[in-house]
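Please read the following briefing alongside the sequence and the coordinates. The points after the lead are grouped by topic.

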Amino acid sequence: MKLKRILKWTSIIILLALILWGFTAYWTSTNDCNRNASTPADPMKAIRYCEYGSPDVVKLENVEKPVPNENQVLIKVQASSLNAFDSYVIRDSWLGRLIFGLRKPRDTRLGQDVAGQVEAVGKNVTQFKPGDEVFGISRGALAEYACTLERALAAKPPNVSFEQAASLPLAGLTALQGLREGKIQPGQKVLINGATGGVGTFAVQIAKSLGAEVTAVCSTRNVDLVRSIGADHVIDYTKEDFTKSDQRYDVIFDNVCNHSFAERRHVLNPKGICVLAGMGGAGVKGSDALGRIASNIFTARALSSFTDQKFAQYRTKSSKQDLILLADLIQTGRITPVIDRRYKLGEAPEALRYLNEGHARGKVIITAN
């Protein structure tokens, strides 16, 4: 009886501690929006979101110009581009609140892809100097200036525009690293499901550069687009379900994940690989996105342990070497960014609304000037 009472009171104490922790975590989850209400000493224009919600919460504001630490590079931003991530982080969802801040977003900055000129460098930076043209990954890239680590940047090729370079980082890395998971060999048959967004258009071109025979899945309006970037075959998903075909593929780069484990297995070769690359972009609703995440992690990946067909999941990583490789691919013409629309920095809410419609072809660019 004594042991039961101890266990009972221990459980009560743990429960109360968790409630207290949750309450404290919620009310201390805040951001610097109110603290930065005064006029900055060294101001710049930047996009911020102080609350969760629709693109209407995104504002162009005066904030303090960042100062690079000893390992950082300060960039005068010329262009950035939007990714599905930028749409997800501002949404009001319980999962987003758990990750980005329970009550309010902790980090109010927006944007990941950056291209511009080096303004200043920290004392430990050796590869770049003021005036150099660079591109890469930087949190808070939707601004006039952005700071990031030296290892997150690569030199922009001279024959590539800032807009083209800004389209590359996150989408290009996602496509490149995902196709690497597929272990593509020349002559293999590769299917790209979701071939016309930012990641998809790069995936088609990178797979072709690796010598694959590429089949692209897209809607009727995008058939000509995917053919123009090198797809050998095109499947219009409004007319045909690729999982019902008799064709088999060595690699499926699944950027949508809108089919079941069994359906995708049906069109994979006996030792084929399905790379779980995405959830369908910014246009996918939160509930659908969660379902696709669960399907990826708990169904496809787990069940593939019992078959010779593999379902590979990965996390896109910032890689200087991969950025350099992407720069070489674009400089030599093996990939060409597909740019759908261009917006000015102050038009970021409108750009996000367009991205949320789910019909963007290639990349949506934000110019700083």
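Among the contacts in the protein chain with a separation of 6 or more, 67% are accounted for by residues 24 or more positions apart. The model is predicted, and its protein chain has 11 helices and 15 strands. Of the 369 residues of this chain, 50% count as buried.

**Surface**

- The protein chain exposes about 17,800 Å², and carbon and sulfur atoms supply 55% of that area.
- Trp 94, Leu 98 and Ile 99 make a nonpolar surface patch of about 360 Å².

**Disulfide**

- The count comes to one disulfide, formed by Cys 33 and Cys 50 with their sulfur atoms 1.9 Å apart.
- Cys 33 lies in the loop between α1 (2-28) and β1 (43-49), and Cys 50 in the loop between β1 and β2 (58-64), so the pair ties together parts that are 17 residues apart in sequence.
- The link of Cys 33 and Cys 50 is left-handed, with -95° about the S-S bond, and both Cys 33 and Cys 50 are buried.

**Other cysteines**

- Cys 147 is buried, because its relative accessible area of 13% falls under the cut-off of 20%.
- Cys 274 is in no disulfide, since the nearest cysteine sulfur, that of Cys 257, is 6.6 Å away, whereas a disulfide needs sulfur atoms within 2.5 Å.
- Cys 274 also counts as buried, at 0% relative accessibility.

Conventions
Residues are numbered from 1 along each chain as its sequence is written. This is a predicted model: local features need pLDDT of at least 70, side-chain atom pairs count only at pLDDT 80 or more; totals for chains, interfaces and linings use all residues. Side-chain values use heavy atoms; hydrogens and water are left out. Patches are made of residues with over 30% relative accessible area and no salt bridge: like charges are joined within 9 Å, nonpolar side chains (Val, Leu, Ile, Met, Phe, Trp, Tyr) within 5 Å. Accessible areas come from the Shrake-Rupley method with a 1.4 Å probe; for residues, only the protein chains shown count as cover. A salt bridge is a side-chain nitrogen of Lys or Arg within 4 Å of a carboxyl oxygen of Asp or Glu. Helices (H or I, at least four residues) and strands (E, at least two) are DSSP runs, numbered from the N terminus. Buried means under 20% relative accessible area, exposed over 50%, partly exposed in between (1.4 Å probe, protein chains only). Contact means heavy atoms within 4.5 Å.
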